[in-house]
Amino acid sequence: MNTFRHTRSTGFASDRFGRQLQQPTSPQPSQQQLSQQSTAMDALENRINAMGEKQKSNDERMDSMKADIGKLTEFTKSVVDQVKGMQNQISGMQTSVTDLTANMERFQQSMSQQLAMTQ
């Protein structure tokens with residue numbers, strides 16, 4: 001025969017005579033344990049705050065680096081444009097030298113022909 005019954009109304013076990021039996025209670029933490037838990041929680045909170053500050057610092061550094069990259073990109077574009085301009089100038093000078101060389105050759109031929117006619 002089961003000597004313990006569980007009653008739904010109170011949630012406590014009772015003996016066969018209906019007397020409520022004392023439930024075993026979970027051990028209550030000592031003041032020292034509570035203090036240690038509080039200290040651990042404070043340390044954890046401080047660590048979380050420090051991590052948040054570090055993340056904020058990292059975000060600021062990232063924003064600064066993005067701005068620097070933007071400036072470098074603009075500078076690089078400027079240099080590329082200048083180099084293209086210089087390439088165009090060099091190409092123009094090469095064309096001028098080629099034209100000048102052709103003119104000098106024609107002038108030399110003309111002078112050679114005139115010299116041959118005078119001899």
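Which residues form a negative surface patch? The close-up views below take up this question and others, using a predicted model.

**View 1**
The secondary structure comes to 1 helix and 2 strands. The chain has 119 residues, and 3% of them count as buried. Its accessible surface comes to about 11200 Å². Carbon and sulfur atoms account for 56% of that surface.

**View 2. Glu53, Asp59, Glu60 and Asp63 form a negative surface patch.**
This answers the opening question: the patch is made by these four acidic residues, Glu53, Asp59, Glu60 and Asp63. Take Asp59 as one of them. Asp59 is found in helix α1, which covers residues 31–118. Is Asp59 buried, partly exposed or exposed? Its relative accessibility is 38%, so Asp59 counts as partly exposed. The cut-offs explain this: partly exposed lies between under 20% for buried and over 50% for exposed.

**View 3. Phe75, Val79, Val83 and Met86 make a nonpolar surface patch.**
The patch made by these residues has an area of about 360 Å². Val83 is one of its members. Where is Val83 placed? Val83 sits in helix α1. With 37% relative accessibility, Val83 counts as partly exposed.

**View 4. Lys77 and Glu74 meet in a salt bridge.**
How many salt bridges are there? The count comes to 1 salt bridge. The side chains of Lys77 and Glu74 make the contact, at 4.0 Å from N to O. How far apart are Lys77 and Glu74 in helix α1? They are 3 residues apart, so about one helical turn separates Lys77 and Glu74. Lys77 has a relative accessible area of 47%, so Lys77 is partly exposed.

Technical notes: Residues are numbered from 1 along each chain as its sequence is written. This is a predicted model: local features need pLDDT of at least 70, side-chain atom pairs count only at pLDDT 80 or more; totals for chains, interfaces and linings use all residues. Side-chain values use heavy atoms; hydrogens and water are left out. Helices (H or I, at least four residues) and strands (E, at least two) are DSSP runs, numbered from the N terminus. Buried means under 20% relative accessible area, exposed over 50%, partly exposed in between (1.4 Å probe, protein chains only). Accessible areas come from the Shrake-Rupley method with a 1.4 Å probe; for residues, only the protein chains shown count as cover. Patches are made of residues with over 30% relative accessible area and no salt bridge: like charges are joined within 9 Å, nonpolar side chains (Val, Leu, Ile, Met, Phe, Trp, Tyr) within 5 Å. Lys and Arg count as positive and Asp and Glu as negative; His and the chain ends are not counted. The place of a charge is taken as NZ of Lys, CZ of Arg, CG of Asp or CD of Glu.
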